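Good morning, and thank you for coming. Please look at the sequence and the model on the screen, and we shall walk through a few of its features together.

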Amino acid sequence: MKNRRQEIILELIAEQPIGTQELLIELLAERGIKTTQATLSRDIQQLMLIKQRDENGDFRYVLPAVAVEEKSLFAEAVLSVDYAMNVVVLKCRAGMAQGTCVAIDAANHQGIVGTLAGDDTIFVLVRTEADAKKLSKKFRSELIPRR
């Protein structure tokens, strides 16, 4: 339920400007998801959503700016990168895979056919094994060295 709710939250903020938790709760309810403000607050934190002014000067929830902050979001969330044949697998901190996956999708990396995220794992389907190797190398270069 949590994963589905968070997927819908990401869909909603991508579809329209949402500036308050109250509006987000209403829109979730319209899609059949009943939630409390406390649960929504935790979802917003786990998805790493921020409030940012849009072109009209109104505040709205957004993922961290993909082009500028994708690397820091990625580095904070992803623990390891590996690949097998034409699939890249990213292991993430619990609850951070979906937000990271949305950022990867928005970045439009060359060769990616599609992505799938769970709670702590992302599968990235690419066209060829060479693409998987290249993308894995790029993703590994963005990781924070861990001790």
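In helix 1, the residues Lys2, Arg5, Gln6 and Ile9 meet Thr39, Leu40, Asp43 and Gln46 of helix 3. Contact here means heavy atoms within 4.5 Å. Helices (H or I, at least four residues) and strands (E, at least two) are DSSP runs, numbered from the N terminus. This is a predicted model, in which local features need pLDDT of at least 70 and side-chain atom pairs count only at pLDDT 80 or more, while totals for chains, interfaces and linings use all residues. Residues are numbered from 1 along each chain as its sequence is written, and side-chain values use heavy atoms, with hydrogens and water left out.

How do helix 1 and helix 3 pack? Their angle is about 70°, and their axes are 11 Å apart. Axes are lines fitted to C-alpha atoms, for helices over the stretch in contact, and angles run from 0 to 180 degrees between N-to-C directions. Helix 1 and helix 3 are therefore roughly perpendicular to each other, a term for angles of 65 to 115 degrees. The residues of this contact divide into 2 nonpolar, 3 polar and 3 charged. In this scheme Ala, Val, Leu, Ile, Met, Phe, Trp, Tyr, Cys and Pro count as nonpolar, Asp, Glu, Lys and Arg as charged, and the others, Gly among them, as polar.

Helix 3 also packs with helix 2 (residues 21-30), at an angle of about 100° and with the axes 10 Å apart. This pair, too, is roughly perpendicular. Helix 2 contributes Gln21, Leu24, Ile25 and Leu28 to the contact, and helix 3 contributes Gln37, Leu40, Ser41 and Ile44. These residues divide into 5 nonpolar, 3 polar and no charged.

I turn to the largest pocket. About 190 Å³ of space lies in it. On a 1 Å grid over the protein atoms alone, a pocket is an open set of points where a 1.4 Å probe fits, with protein on both sides within 12 Å along at least five of seven lines; lining residues have an atom within 4 Å of a point. Which elements supply at least two residues of the lining? They are helix 1 (2-15), helix 5 (97-107) and strand 5 (112-117). Helix 5 gives the largest share, 4 residues. Among the lining residues are Glu7, Cys101, Asp105 and Thr115. By class, the lining has 5 nonpolar, 2 polar and 3 charged residues.

Ile104 also lies in helix 5. Is Ile104 buried or exposed? Its relative accessibility is 2%, so Ile104 counts as buried. Buried means under 20% relative accessible area, exposed over 50%, and partly exposed in between, with a 1.4 Å probe and protein chains only.

In strand 3, we find Val81, which is buried at 9% relative accessibility. Val81 touches several residues beyond four places away in sequence, including Val88, Leu90, Phe139 and Leu143.

Finally, consider the backbone. Most residues other than glycine have a negative phi. Met48, however, has a positive phi near 60°. Met48 lies in the loop between helix 3 (37-46) and strand 1 (50-53), and is partly exposed at 26%. Met85 has a positive phi of about 55°. Met85 is in the loop between strand 3 (78-84) and strand 4 (87-92), and is exposed, with a relative accessible area of 62%.

Thank you for your attention.

Notes. Points joined across faces, edges and corners; volume = space filled by probe spheres on them. Parallel < 35°, antiparallel > 145°, perpendicular 65-115°, else oblique.
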